[in-house]
Amino acid sequence: MDAQNLDVGQEIEAPPHVTIKGILGLLMGSIDCNNDSKKVISLGIGDPTAHSCFYTTSAAQEAVVRSLRSAKFNGYAPTVGLPQTRRALAGYLSRDLPYELSLDDVYVTAGCTQAIEIALTILTRPGANILLPRPCFPIYGLCAAFRNLEIRHFDLLPEKGWEVDLNAVEDLADHNTVAMVIINPGNPCGNVYTYQQLKKIAEVAKRLGIAVIADEVYGHLAFGANPFVPMGVFGSIAPVLTLGSLSKRWLVPGWRLGWLVTNDPDGILKSPKFVERLKKYCDICGGPATFIQAAVPAIIEETQEFFFRKTINMLRLTSDICYNKINEIRCLSCPRKPEGSMAFMVKLNISVLKDIGDDLDFCFKLAKEESVIILPGLAVGLKNWLRITFAVEPSLLEEALERVNRFCERHSSQQNGY
Ligand SMILES: *Cc1c(COP(=O)(O)O)cnc(C)c1O
């Protein structure tokens with residue numbers, strides 16, 4: 001029998017959206033394997049665990065080992081998460097809020113990625129649209145496309161430190177808009193929003209009658225002038241869905257432990273129908289491994305401040321190296337020093353290069369000639385920009401940027417004096 005109704009590969013295509021992993025895979029594939037003199041250095045992916053200076057704390061590792069050895073967590077957890085895990089996360093997140101979250105506000109997810117998927121899915125209804133920043137972490141666009149959720153982009157303004165173009169937000173929204181997405185600290189921009197900026201965002205969301213999806217996967221990874229303020233602080237202005245995970249702050253993206261939290265002291269998101277929908281969708285998703293969930297209370301309790309400070313200091317150091325070096329490279333410029341997260345955006349000045357067409361061409365030639373991987377801005381929605389990840393060993397970072405410099409000089413339209 002032919003499966004006539006299954007047009008897999010013919011009619012049904014993946015959404016045309018690029019993914020970071022997809023583009024980085026292509027770039028890796030284009031590296032000249034005969035070039036053994038050059039070790040491949042990636043400033044592409046945001047997985048800091050490739051570098052020994054970004055290593056998780058033993059407190060977290062021991063908590064997981066104890067949890068596993070106890071043999072108490074080999075079974076299923078409730079699909080919304082173990083109660084002790086939800087309670088511990090509610091306590092952890094409430095430290096920075098003017099009100100207390102309860103365990104019922106917290107849904108434990110398989111990393112922040114699954115929290116994104118759940119948030120977008122439960123908000124979708126026929127005809128709905130969502131407002132995404134440009135540039136954006138590409139999973140949002142991809143997930144919205146799979147859900148047939150219409151995407152509308154508002155700009156983040158580089159000349160204003162990647163502030164949200166709130167006028168654009170107001171112009172884009174209509175009665176079918178369900179939410180806007182804010183990523184703070186920013187990926188891909190490396191910015192950190194101020195208290196006042198976040199408050200204004202909440203006020204606009206209130207006027208529009210929409211929710212704010214606050215991606216705080218880089219929560220607390222702020223090392224510039226602006227301290228990290230969670231969007232949930234403004235949960236009584238507009239309802240906030242906060243998304244996060246252990247992945248970045250604890251440097252364990254492989255553990256797949258994340259959360260979706262309703263920051264909504266006035267209970268707009270706690271309508272029985274909404275909660276029912278959320279819980280049912282969690283039944284489909286499953287969530288992270290039970291023994292990892294069970295380790296969360298001890299991970300939060302036993303992680304020393306020293307570990308967090310060490311990570312912050314390292315990110316400040318590597319982002320400084322990056323910023324200073326980038327500003328010495330003729331074809332690149334950076335509108336804003338990174339202040340948070342693990343990546344930032346750098347502008348590519350194509351006009352000073354003689355044989356490079358655009359950011360994609362730049363990244364492919366750079367990979368081939370210098371074995372350095374950088375994400376083209378196109379992957380996050382900004383053509384002729386680059387996203388550079390600085391969660392990289394300092395010496396490798398310097399070596400990689402030196403190679404970028406040589407590459408730019410070689411392809412420069414005006415040779416530097418010789
Ligand atoms: C890394 C990242 C995620 C995904 O986090 P996981 O916990 O690894 O699933 C989500 N959003 C942003 C902005 C990220 O950088």
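This is a predicted model: local features need pLDDT of at least 70, side-chain atom pairs count only at pLDDT 80 or more; totals for chains, interfaces and linings use all residues.
Residues are numbered from 1 along each chain as its sequence is written, and side-chain values rest on heavy atoms, with hydrogens and water left out.

Strands here, like helices, are DSSP runs numbered from the N terminus (E, at least two residues, for strands; H or I, at least four residues, for helices), and two strands pair if DSSP finds at least two bridges between them. Strand 2 runs antiparallel to strand 9 (residues 258-263), and four bridges join the two. Within that pairing, V108 has W259 of strand 9 as its bridge partner.

Strand 8 (residues 240-245) holds T242. The residue is buried, at a relative accessible area of 5%; buried means under 20% relative accessible area, exposed over 50%, and partly exposed in between, using a 1.4 Å probe and protein chains only. The side chain of T242 makes a polar contact of 2.5 Å with the side chain of N263. A polar contact is a pair of N or O atoms within 3.5 Å; within protein, one must be able to donate a hydrogen and the other to accept it, and residues adjacent in sequence count only if both atoms are side-chain atoms.

L166 belongs to helix 6 (residues 166-172). With 16% relative accessibility, L166 is also counted as buried. Its C-alpha is 9.2 Å from that of L156, ten residues away in sequence.

The other sheet is open too, with four strands in the order 10-11-14-13 and antiparallel pairing. Strand 10 and strand 13 (375-376) are the edge strands, each pairing on one side only. Two bridges join strand 10 (residues 332-333) to strand 11, while five bridges link strand 11 to strand 14 (residues 385-389). K347 of strand 11 takes part in both pairings: it is the bridge partner of S333, and in strand 14 its bridge partner is W385. Five of the six residues of strand 11 (residues 343-348) are buried, so the strand is largely enclosed by the rest of the structure.

Now for the ligand. The space it takes is the largest pocket. On a 1 Å grid over the protein atoms alone, a pocket is an open set of points with protein on both sides within 12 Å along at least five of seven lines, whereas a cavity is a set where a 1.4 Å probe fits but cannot get out; lining residues have an atom within 4 Å of a point. A molecule sits in either one if more than half of its atoms lie within 2 Å of its grid points. The ligand is surrounded by 14 residues, and the closest are T113, N187, D215, S247 and K248; a residue counts as near if one of its heavy atoms lies within 4 Å. Helix 4 (residues 111-123) gives the most to this shell, with four residues.

Several polar atoms lie around the ligand. A polar backbone atom of C112 is 2.8 Å from a ligand oxygen, and a polar side-chain atom of Y218 is 3.2 Å from an oxygen atom of the ligand. On the nitrogen side, a polar side-chain atom of D215 lies 2.7 Å from a ligand nitrogen. The protein covers 93% of the 380 Å² of accessible area that the ligand has on its own, with areas taken from the Shrake-Rupley method with a 1.4 Å probe; for residues, only the protein chains shown count as cover.

Most residues other than glycine have a negative phi, and most peptide bonds are trans. The bond from R134 to P135 is cis, with omega near 5°, and P135 is in the loop between strand 3 (129-134) and helix 5 (139-146). The bond from N187 to P188 is cis as well, with omega near 15°; P188 lies in the loop between strand 6 (177-183) and helix 7 (195-208). As for positive phi, A71 has a value near 60° and is placed in the loop between helix 2 (58-69) and helix 3 (83-94). S341 also has phi near 60°, lies in the loop between strand 10 and strand 11, and is buried at 0% relative accessible area.
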